[in-house]
Each structure stands twice: as structure tokens, then as C-alpha cells.
Amino acid sequence: MIVRSGKRQMTSAMALTPDLTTSPLLLDEATRAELWRRLAAIIEDYTKGVGQARVTPELDLAGIREALAPFDFARPVPAVEALDFAAEGLWRWQVHTPHPRYFGLFNPAPTTMGIAADALVAAFNPQLAAWSHSPLAAEIEQHLVRAFASRFGCDPARVEGTFTSGGAEANHTALSTALTRAFPEVGRRGLLALRSQPVLYVSPEAHDSFLKAARLAGLGTEAVREVRVDSRLRMVPGDLAARIREDREGGLSPFLVVATAGSTSAGVVDPVADLAQVADEEGGLWLHVDAAWGGAAALVPELRPAVEGFPRASSITFDAHKWLSVPMGAGMYLTRHPGILERTFRVAAGYMPREGAALPVADPYAHSMRWSRRFIGLKVFLSLAVAGWQGYEEAIRHQTAMGDRLRERLREERWEVVNDTPLPVVCFVDSGAAGRTAEFLEGVAADVVASGEAWISIAALGEAGQALRACITNYRTGPEDVDALVAALGRARARREAE
Ligand SMILES: Cc1ncc(COP(=O)(O)O)c(C=O)c1O
């Protein structure tokens, strides 16, 4: 700015320069103050009030599009008005996953510290590509990698890891690192350089993100081989060994075995140590454990048997945005093969900052399939710092107890529980003759969802067929919520029976 004789002189440059203190991107101080107050009030209101709302929205496509139509972006909208529009819309048009009667997919009620962390991260906007641009953020994430490695029984000094958007990216990272280790030439020359087709092994209970990863890696979904499960839906180690040998004899190249600790449909925990034994005996195959949800069992002594075999895993997927209840997305990939992330992901990038080059640190972008990304770890760090391991232990134990209560109440009401897991996901059918049919189960689930009283779903459990599925995903779910679900199920069943 040029000031002469106390008067502000207009220069040609100023005529072209907008007043940055009132830029519509920044907003003026008074508007910002009002916006933050409103935002805090909206969040508090939602936190306190969500339990009284319907769990499920009306799927009103026309209404949503009509509400969006006035936003042609030609006429700027006042800040608070725009915020209110979004908040009202979210109240109205989403399945309230933070609701204590959302018995659903692994989507939790977010921790308060997680919400605060995400807001703080948005404001400071640290760039997690180069270590030197965000040294605190990068070190917080690595501190967490070591802390969770230790909880999983691994040697933190030997574990490397990266934060991911979620479990799917962590699983994809596992596939890529295992492929790099088994076939180092693939990184440069591609799959065509190989003489035989690489294949990996999953159980039918494994998460379908492995199909996506196989497709994206250029392996194709036929490279994903299914191994038989036992009556508890756990992968059978003997069958794994047989399939690997058979495939080798058929000219294929096994490179990866995937165990699941806490499967999506039924909370099944594969026998990780036994599968690791097979992987070792079959030429040192990579054993990945997808513990996206079930890994949290490591924090509770009585659930620890579920994670017993983890130290034998080559890599682990763990999602803090599942059972650790931080806002999405917050996944983690850990490996006890130092250097493999670097070999899989590093590329030369001349423009990237080098200030940290002399330090014994890694640039996050060189250990990940992503480049610039947000500071994912802060919501985990602040939630854990404030709750402590003890706070999480209590929350997870409470949810597990609510799962036990649900099983008990269902049995009292003539439902039959058909899955076997210590974790709080319950699959069940009606014990009557018609209670296993797809028509009945889908009808009951649809009735419960349409009632707005709760959200549950249907799971396919292999040869055991379909079942209703209810998971305690929320640390705020109490006995009254479990009882309300059982009552809603009873009403839905009575309606089906009356038809
Ligand atoms: C066992 C398991 N692995 C991986 C995933 C994928 O995780 P995300 O949705 O965070 O990518 C899920 C999702 O529910 C899961 O249950």
C-alpha cells in the first residue's frame, strides 16, 4: 500500500487487487467469529440430539436435488446461511451413523477430540508429502505407528508404517508391497516381465477391497483365490496349503495370504498364527492381516487372543475410523519389512523439498500411494492422548458387553445367533422354519430400517446362507438401545408373520 500526505493513493496495482482482509475466501473477522460460534453450536446440538432423531433418512432424491437447485453459484450466499443449509441437510438426509441405534457397518460415533483435530488440521493444512514441510505431523504419525505396533505385540523398532484413507487403501498397500517383495522387477518392468501369474489367497469372509486391489494392480480378480472356511467361517490352514501347492503345480505364482481379524460380515477371526505357519512353510509367502475393525481387540486384555498371531504377520491393516471411533478417514498400514514401503512407492521427484534429506526420516509421499495428503494422524493422537489406552479399553469392553447383551436378548426372543465371535457383531435368523429365507430376512431388515428406529443389515455367510446382522459400532449404545432394537425386530417379525 502507498500512503502519501495521510491520504491513501490509488495505484493501478491496487485497483486490480481485491481487499484481501474481506476476501470471500477468508471472510471478515466478525463473520468468521459468528461462523465459528454457529459451527460449534451445530456440532454440540448434533452430539446431544442425534440420539433422539430417526436413524434413517427418507431417500428423497427429488427433494435433495430441489434443495440444491438454487445453488447456481452466480449469487453468493451469506456464510452462516450456507453453513446452516449444509447442517440442516445433513440432519435430514443421512443415515445417522453416530446414532446409538445405528447397528451397522463399522462406522462409529466420532470422538470429540477427533472432531476438534479434523477442524484444526483443516485450518493449519499441513502438507504430508514432504517430512520437512510438516515435521511435527509426520512424527506424530510415526509415533502412533510405533505405539500401535507395540500394542499388536510387534517390535516397534522394526515396524514401518503409513497412514491411509482407510482399510481399502491399507489393503491395497499390502498387496502392492507383497508384490514388490516377491517380484522386485514388477516395479520397473510391469507384470508382463513375469513368467507366471501371481496369485493371492483370501477366505470368502475377506473384505472385497482385495478384489479391487487385484484389479487395480493389473493382476485381475481371478488372481484372488478363495480358501475354504470351517463351520465357524475361519480360513482352514490345511486347505490353504493344498490350494497353494495346486496353484504352483498349475504354473501360478502364489505370493500373498490374507487373514482377517474381525471380518466385516460376521466378525470372524482367522487363525493367524497357523496361517503364518503355512505361509512360512510354502516358501515364505507374505501374510497380511486385515484387522481394520478387529485390531482394536489388542487394547482389551480379555480380547487379546483375537490378535495373538499378529507378531507373525508381514503386514497389518488397522482402521482407527472403525473401532477407535475417530472421524473418517483414518487407516493404517504397518509392516515388519523395513524398506519395503520405500521400494514400492518411492519415485524421483525433483521438485520436492529436500531440507530433511540429511535426517533419518522418510518423506510420507515416498512411503504411500498418495502424494499431498491431510494430517490423518492428529485425530487418532488427540483422541488417544485424552482418553488414554484405559479410556479406549473401557469403551471397547462396553461395546463388547452390549454385543453379549444383544446375543442374549435375541435368544430370549426366539432368534438364533449363527456366527461365532467374541467381538460385538451378531448375525441371526429367526429360529422358525421360514426364518432363514431371504424374503423373510430382507423383509425384517427393510422394516426396521424404514421404521427409523434402528439400522441393521443383511450379511451373506457363505454356505450358512443369509442372516440379519447387527453390530455395536457406537461407544454410546446402551442397554436401552439394544432392547429397542430387539423390540423393533419383534414388531417386524410379527408383521411378516401376519402377511
Ligand atoms: C475387514 C475390513 N477391511 C477393510 C475394510 C475397508 O475399509 P475402508 O472402508 O475404511 O476403506 C472394511 C470396511 O468395512 C472391513 O470391514
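**Salt bridges in a predicted model**

Hi everyone, let me start with Arg373, which is buried at a relative accessible area of 8%; buried means under 20%, exposed over 50% and partly exposed in between, with a 1.4 Å probe and protein chains only.

A word on the set-up. This is a predicted model, where local features need pLDDT of at least 70 and side-chain atom pairs count only at pLDDT 80 or more, while totals for chains, interfaces and linings use all residues. Residues are numbered from 1 along each chain as its sequence is written, and side-chain values use heavy atoms, leaving out hydrogens and water.

So what does Arg373 pair with? Its salt-bridge partner is Glu141, with the closest N and O atoms 2.6 Å apart; the term means a side-chain nitrogen of Lys or Arg within 4 Å of a carboxyl oxygen of Asp or Glu. Glu141 sits in helix 6 (residues 135-151) and Arg373 in the loop between helix 12 and helix 13, so the bridge ties together parts 232 residues apart in sequence. Helices here are DSSP runs of H or I, at least four residues, numbered from the N terminus. Glu141 is buried too, at 2%.

Next, Arg374: it bridges to Asp118 at 3.5 Å between the closest N and O atoms. That pair links helix 5 (residues 112-124) to the loop between helix 12 (340-345) and helix 13 (377-412), 256 residues apart. Asp118 is buried at 16%, whereas Arg374 is partly exposed at 37%.

Within helix 13, Arg407 and Asp404 are 3 residues apart, about one turn, and their side chains meet at 3.1 Å, N to O.

Finally, Arg405, Arg409, Glu412, Glu413 and Asp483 form a salt-bridge network, and the overall count is 28 salt bridges. Thanks, everyone!

How values were computed. Helices (H or I, at least four residues) and strands (E, at least two) are DSSP runs, numbered from the N terminus.
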